[in-house]
Amino acid sequence: MKQFYKNRIKPLIDVHYLTNIALASSYFLLKNIPNLCEFIFDSCLLEWREVEILMLLVISVAVKTRRASTWLQLVSTVCTFSKAANVILYWREGPIHVFSYCSLWFLHFVFLPQPVYKGPEKVQYFRSTNLEHEIKRDDRITWLVCFYAPWSPPCKDFTPVFAEISNKFGGLNNLKFAKFDANLYPDIAKKFNISTSSFSKQLPTVLLFEKGVETKRRPFIDSNGKVFNYVMSYENIVKDFNLNKIYFYIQNRFYLD
């Protein structure tokens, strides 16, 4: 129970998530609050069309959240789709309703952004050409590098996942974790075939470097530039990069040396 509270409930006790959930559920909450409902709406009864919109929302969320890598990403995705459904519902009520709601959504986005992860991590942050120099400086070191952009919601969602992985496997001198701001240095990102476009599906991208050479990346990109969908979860990263095997090998090599 304590673990459930720590992992699921406590992270939501933040002004961003609390107001986000309130916005996402505002239409149905207001419809069920006596007096306030009569003041805002012409009718407090849910029409069949509104039920249809709700059912469409449930289906959309069920499809979209299959790719959620964390609990907070799941909550954020549900809230985003719910707010989109709220726009439609308020639009049916009138222009003043939808304008007021969209204004609140915008203010929430600007003044109450998603909180930045501030927990423990064993991650180095590289700038400019330091990345290329460092990964080739000592071929005994294996690097797992995350290319990210501060403005990208998927990158924000992946931050605690990458931090957790670094804390789990980052205790060895020859296995290191790093992050590189692809948005700040797009030319360097381009050298690694990573697009920093606002429509890019490559943010975040995780690359594995062994002996100074890239040996694996996720999400995968083929020779034609097609990016394959990938869920950036803790389990997937550990499995697909063989981190348990790499950690065991480097740890035993260290003792042998």
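Start by selecting valine 98: the residue is buried, at a relative accessible area of 14%. Buried here means under 20% relative accessible area, exposed means over 50%, and partly exposed is in between, with a 1.4 Å probe and protein chains only. One thing to know before clicking on: this is a predicted model, in which local features need pLDDT of at least 70 and side-chain atom pairs count only at pLDDT 80 or more, while totals for chains, interfaces and linings use all residues. Residues are numbered from 1 along each chain as its sequence is written, and side-chain values use heavy atoms, with hydrogens and water left out.

Valine 98 sits in helix H7. Helices (H or I, at least four residues) and strands (E, at least two) are DSSP runs, numbered from the N terminus. What does valine 98 have contact with, leaving aside neighbours within four places in sequence? Show Val87, Tyr90 and Trp91; contact means heavy atoms within 4.5 Å. Now draw a distance from valine 98 to leucine 29: the two are 69 residues apart in sequence and 16 Å apart in space, C-alpha to C-alpha.

**Next: H2 against H6**

Colour helix H2 (residues 15–24) and helix H6 (residues 71–93), which pack at an angle of about 35 degrees with their axes 8 Å apart. The axes are lines fitted to C-alpha atoms, for helices over the stretch in contact, and angles run from 0 to 180 degrees between N-to-C directions. The H2–H6 crossing is left-handed, that is, the near helix is turned anticlockwise from the far one by less than a right angle (clockwise would be right-handed).

H2 brings Tyr17, Asn20, Ile21, Leu23 and Ala24, and from H6 come Leu72, Val75, Ser76, Cys79, Ser82, Lys83 and Asn86. Sorted by class, this contact of H2 with H6 has seven nonpolar, four polar and one charged residues. For that count, Ala, Val, Leu, Ile, Met, Phe, Trp, Tyr, Cys and Pro are nonpolar, Asp, Glu, Lys and Arg are charged, and the others, Gly among them, are polar.

Stay on H2 and pick out its buried residues: His16, Tyr17, Asn20, Leu23 and Ala24. Look down the axis of H2 and these buried residues fall within an arc of 125 degrees, so they line one face of the helix; the arc is that of the directions from the helix axis to the C-beta atoms. An α-helix has 3.6 residues a turn, so residues three or four places apart point the same way. The buried residues of H2 pack against helix H3 (26–31), H6 and helix H7 (95–111).

Zoom in on leucine 23, in helix H2 and buried at 12% relative accessibility. Beyond four places in sequence, leucine 23 touches Lys83, Asn86, Tyr101, Leu104, Trp105 and His108. Leucine 23 and asparagine 86 are 63 residues apart in sequence, yet 8.5 Å apart in space, C-alpha to C-alpha.

**Now the cores**

A nonpolar core is a set of buried Ala, Val, Leu, Ile, Met, Phe, Trp, Tyr and Cys residues joined through side-chain atoms within 4.5 Å. Which members of the largest core touch the most others? Of its 42 residues, select Leu144, Phe147, Phe192 and Ile237. Apart from this core lies another, of 13 residues, among them Tyr27, Cys37, Ala85 and Tyr101.

Not counting residues up to four places away in sequence, phenylalanine 147 touches Leu131, Phe180, Ala182, Ala189, Phe192, Ile194, Leu203, Pro204, Thr205 and Leu207.

**Backbone stops**

Most residues other than glycine have a negative phi, and most peptide bonds are trans. Go to the peptide bond from leucine 203 to proline 204: it is cis, with omega near 0 degrees. Proline 204 is in the loop between helix H10 (186–191) and strand E4 (205–210). Another cis peptide bond joins arginine 218 and proline 219, with omega about 0 degrees.

Finish on lysine 211, a residue other than glycine with a positive phi, near 55 degrees. Buried or exposed, which is lysine 211? At 66% relative accessibility, lysine 211 is exposed.
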